[in-house]
Amino acid sequence: MGNALRLLYGYCCKPKTTDDDHHGVSAPTVAVSALAHDLFNFDITSQVPEGLSKHVHSSKKAQAKWYRRLVEAWRGAKPPPKTAEEAARLIIKTLNSIQKPDVEGLLAFYGLPLPDTLVEYSAEVPTTLPEGVKFAMQTLPVDPRAVQDGDSVTVYVNTADPRESMSVPPKVNLDAVKRLRARSKKKYEKANKLHDKIISSGYRVLKIDDEEVLARKYRIRLRGIDAPENKMPYGDEAKEELTKLVQGKSLLIFVYGEDQYGRAVGDIYCDGIFVQEVMLKKGCAWHYATYDKRLQLARWEKEARARRVGLWALPNPEEPWVWRKNNPRTDV
């Protein structure tokens, strides 16, 4: 089997089984792990998982054809699915020619989202700088710990980028060279102190694909949306959704300006998807109409309200700007 399946199966926890259901999974990571395990097993044994016939109507022969197609699709996915939604979309796309009840049965077998619950996105990335954009940046892969809440994330940009290379303070470059020399001589305490100085200047040395990269730090505020604060109802869920979207991904960010806290305010695109669109359509944020008049953002919020998804399933969700007014914060 290809490395994509083997690595993912090793990364995720193994699924628990019961006597009456092969999987009985509910946690997203377990669902993806279960699917990866069964595709790995099918590639070796040509056997479909026991218990699947309880969920679908087609024969074992037909099921084997599905799994053969899914194995090839998984191998070709770059990167392979890591979330339940990504795995569900791969199954739906790969098996689009089979009967809907069988697709839904297969998804239910793994505890994956059903087609009707998945939201479609426009996936239109601007090919030129939109009006009002100050500059664009391509980030390094995002650490999940860098997501502060549902509308704020810290990112890093490689200083090898032409726009960044011209603005790196000479002292930061010098400290980076000294740090490298100190590490080569195994003077790790000195190297760590130099790195602390680099960090205090707004930069950091990151290890990317076994190579050390000097990167500049940016705090990003997602333009046009306002998610619940972490201490608010649905705050944790909003933060989790944004984390799932951006973790491990390189982001394209169009920066429009800076807010009162020194954060860059921008539109974020991840794997061709407009992140603010996802957050609004999944009911993880409000359209921040006071600062952004885009009608499409208002429409996406309205659609989520109508479907009562995310925070809109709550009886009386409080707007974050109202909550902040009543609960002033001292930091960001």
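Analyst: Tyrosine 288 has a relative accessibility of 14% and therefore counts as buried. The term buried stands for under 20% relative accessible area, exposed for over 50% and partly exposed for what lies in between, with a 1.4 Å probe and protein chains only. This is a predicted model, in which local features need pLDDT of at least 70 and side-chain atom pairs count only at pLDDT 80 or more, while totals for chains, interfaces and linings use all residues. Residues are numbered from 1 along each chain as its sequence is written, and side-chain values use heavy atoms, with hydrogens and water left out.

The part to look at is the group of aromatic rings that tyrosine 288 belongs to. Trp286, Tyr288, Tyr291, Trp312 and Trp321 make up one aromatic cluster. A pair of aromatic rings is described by how far apart the centres are and by the angle between the planes. Rings of Phe, Tyr and Trp (for Trp, its six-membered ring) pair if their centres lie within 6.5 Å; planes under 30 degrees apart are stacked, over 60 edge-to-face, and the rest tilted.

Ten aromatic pairs are present in the structure. In one of them, the ring centres of tryptophan 286 and tryptophan 321 are 6.3 Å apart and the planes stand at 75°, so this pair is edge-to-face. The pair connects distant parts of the chain, 35 residues apart: tryptophan 286 is in strand S10 (residues 286-287) and tryptophan 321 is in helix H12 (residues 320-326). Helices and strands here are DSSP runs numbered from the N terminus, with at least four residues of H or I for a helix and at least two of E for a strand. Tryptophan 286 is buried because its relative accessibility is 4%. Tryptophan 321, with a relative accessible area of 31%, is partly exposed.

Tyrosine 288 has a partner in tyrosine 291: the two rings are 5.0 Å apart from centre to centre, with 75° between the planes, and the pair is edge-to-face. Tyrosine 291 has a relative accessible area of 65%, so it is exposed, whereas tyrosine 288 is buried.

Next, the region around the cluster. UniProt, in an unreviewed entry, places the feature "domain: TNase-like" at residues 147-314. UniProt positions are given in the numbering used here, feature names are shortened, and annotations may be inferred rather than shown by experiment. The span 147-314 is 38% helix and 29% strand, and its end C-alpha atoms lie 24 Å apart.

Aromatic rings also take part in contacts with charged side chains. A charge sits over a ring if NZ of Lys or CZ of Arg is within 6 Å of the ring centre and within 35 degrees of the ring normal. Arginine 223 has its charged end over the ring of tyrosine 256, at 3.6 Å from the centre. Arginine 163 lies over the face of phenylalanine 135, 3.7 Å from the ring centre.

For two packed helices, the description is the angle between their axes and the distance between the axes. Helix H7 (residues 170-184) and helix H8 (residues 188-200) have axes that come within 8 Å and cross at roughly 160°. H7 is therefore roughly antiparallel to H8. Axes are lines fitted to C-alpha atoms, for helices over the stretch in contact, and angles run from 0 to 180 degrees between N-to-C directions. Angles under 35 degrees count as roughly parallel, over 145 as roughly antiparallel, 65 to 115 as roughly perpendicular and the rest as oblique.

Aspartate 210 lies in the loop between strand S4 (203-208) and strand S5 (211-222). Its phi is near 65°, a positive value in a residue other than glycine. Aspartate 210 is exposed because its relative accessible area is 72%.

Last, the protein as a whole. Twelve helices and ten strands are found in the protein. Its C-alpha trace spans about 70 × 55 × 40 Å along the principal axes. Of its 332 residues, 45% count as buried.
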